[in-house]
Amino acid sequence: MSYQFDNLKLEKGMYGVAGKSFTAVLESEDPSERYKGTALEGLDAYQRQLKRFDIRVKGTGSDVVDKFFQSAQSAVLFPEYVSRSVWQGMEENNVLPSIVAAETHIDGMDYRSISSAAGGSEKELRRVEAGAAIPQTMIKAQGNMVKLHKRGRMLVAPYEAIRYQKLDLFSVTLRQIGAYISRNLLEDAIQVIENGDGNGNAAESFQVGTAPMGGTAGKLTYNELVDFWAQFDPYEMNTLLASGDMMVQMLKMEELRDPMTGLNFQGTGKLTTPLGANLIRTSALGQGKVIGLDRRYALEMVRGSDVTVEYDKLIDRQLERAAVTVVNGFAKVFQDASKVLTV
């Protein structure tokens with residue numbers, strides 16, 4: 001049986017189509033729907049091209065990097081392999097889905113988020129008498145634009161040094177680059193949560209030992225966590241970001257030694273508090289700090305681009321220095337949905 005993917009002409013220009021990824025361009029010319037009920041069902045257009053050129057990118061039988069460069073057409077697949085490997089590393093180390101309420105994709109570097117007051121009379125569904133005006137909630141664009149930042153790593157690897165390396169091993173290095181980028185993005189998110197996005201919406205900060213927080217400065221107990229939790233009305237503190245030292249203090253609390261908490265951690269790798277908040281440890285947060293947030297309403301992530309690689313250098317074997325980058329920014333949705341506790 002003849003398949004369309006066997007005759008597809010691959011060229012560098014497929015990476016330069018505005019608003020489309022390389023895989024999206026392949027899918028437009030070789031839709032996956034055509035392969036339903038065949039042995040190739042379940043593969044996307046890029047994976048079918050790997051099969052076409054018999055390139056195995058993972059497992060004990062993976063090929064060497066040089067396999068991509070057996071022909072001019074197969075070389076076109078190499079940048080996408082780099083991009084996917086980096087993306088996999090980002091996803092393996094990514095906690096952003098646990099703290100982001102919404103994700104917005106844009107073309108360009110300029111973006112304004114929206115805001116709306118939460119709580120109080122603006123959010124109450126009050127009783128409306130006959131002929132009376134219905135109360136309004138005003139949603140407006142933020143005054144300042146969201147700052148998008150380019151984050152990336154420089155891939156420095158002369159072709160002669162890597163051509164005979166197994167793709168499975170080379171992927172490990174690329175995934176590590178993705179892990180670095182993911183941590184950088186989390187740092188950006190924490191910066192916005194703490195200091196705001198330029199629209200005067202920095203998170204409210206509390207200090208242990210200073211009203212309304214009880215306790216003694218420098219020491220975090222369960223009582224202070226309860227005091228912190230109480231500051232979130234009308235929101236729900238369902239996520240806690242903690243620095244390493246704060247995580248250690250919390251894990252030593254008697255209240256967090258509940259057997260069910262331990263079983264949940266062993267089964268899922270996720271820690272929760274008796275207050276119902278997911279605990280996330282991160283070195284991107286300064287020592288002595290805890291961030292509490294309602295992940296449903298706190299933060300918006302704005303993507304200016306997905307993982308981008310300098311495909312010309314990769315395809316033409318001139319790999320001396322090739323940038324792997326992403327463009328992202330963050331905006332506060334509701335200011336009071338996130339708060340900072342300093343111990």
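These legends describe close-up views of a predicted model.

Residues are numbered from 1 along each chain as its sequence is written. In this predicted model, local features need pLDDT of at least 70 and side-chain atom pairs count only at pLDDT 80 or more, while totals for chains, interfaces and linings use all residues, and side-chain values use heavy atoms, with hydrogens and water left out.

View 1. Helices (H or I, at least four residues) and strands (E, at least two) are DSSP runs, numbered from the N terminus. Of the 343 residues, 43% are buried. Buried means under 20% relative accessible area, exposed over 50%, and partly exposed in between (1.4 Å probe, protein chains only). Among contacts with a separation of 6 or more, 76% join residues 24 or more positions apart. Contact means heavy atoms within 4.5 Å.

**View 2. Helix α1 (residues 22-29) packs with helix α2 (residues 45-52).** Their axes are 8 Å apart, at an angle of about 80 degrees. Axes are lines fitted to C-alpha atoms, for helices over the stretch in contact, and angles run from 0 to 180 degrees between N-to-C directions. The two helices, α1 and α2, are therefore roughly perpendicular. Angles of 65 to 115 degrees count as roughly perpendicular, under 35 as roughly parallel, over 145 as roughly antiparallel, and the rest as oblique. From α1, Phe22, Thr23, Leu26 and Glu27 meet Ala45, Tyr46, Arg48 and Gln49 of α2.

**View 3. Helix α1 has Phe22, Thr23, Val25 and Leu26 buried.** Seen down the axis of α1, its buried residues fall within an arc of 160 degrees, so they line one face of the helix. The arc is that of the directions from the helix axis to the C-beta atoms. The partners of these buried residues are α2 and α4 (78-92).

**View 4. Leu240 sits in strand β6 (residues 239-242).** Leu240 is buried, at 0% relative accessible area. Its C-alpha atom is 5.6 Å from that of Ile291, 51 residues away along the chain. Leaving aside neighbours within four places in sequence, the contacts of Leu240 include Leu225, Phe228, Met250, Ile280 and Ile291.

**View 5. Ser338 belongs to strand β12 (residues 338-342).** Ser338 has 1% relative accessibility and counts as buried. Beyond its neighbours within four places in sequence, Ser338 is in contact with residues including Ile193, Glu204, Phe232, Leu293 and Lys332.
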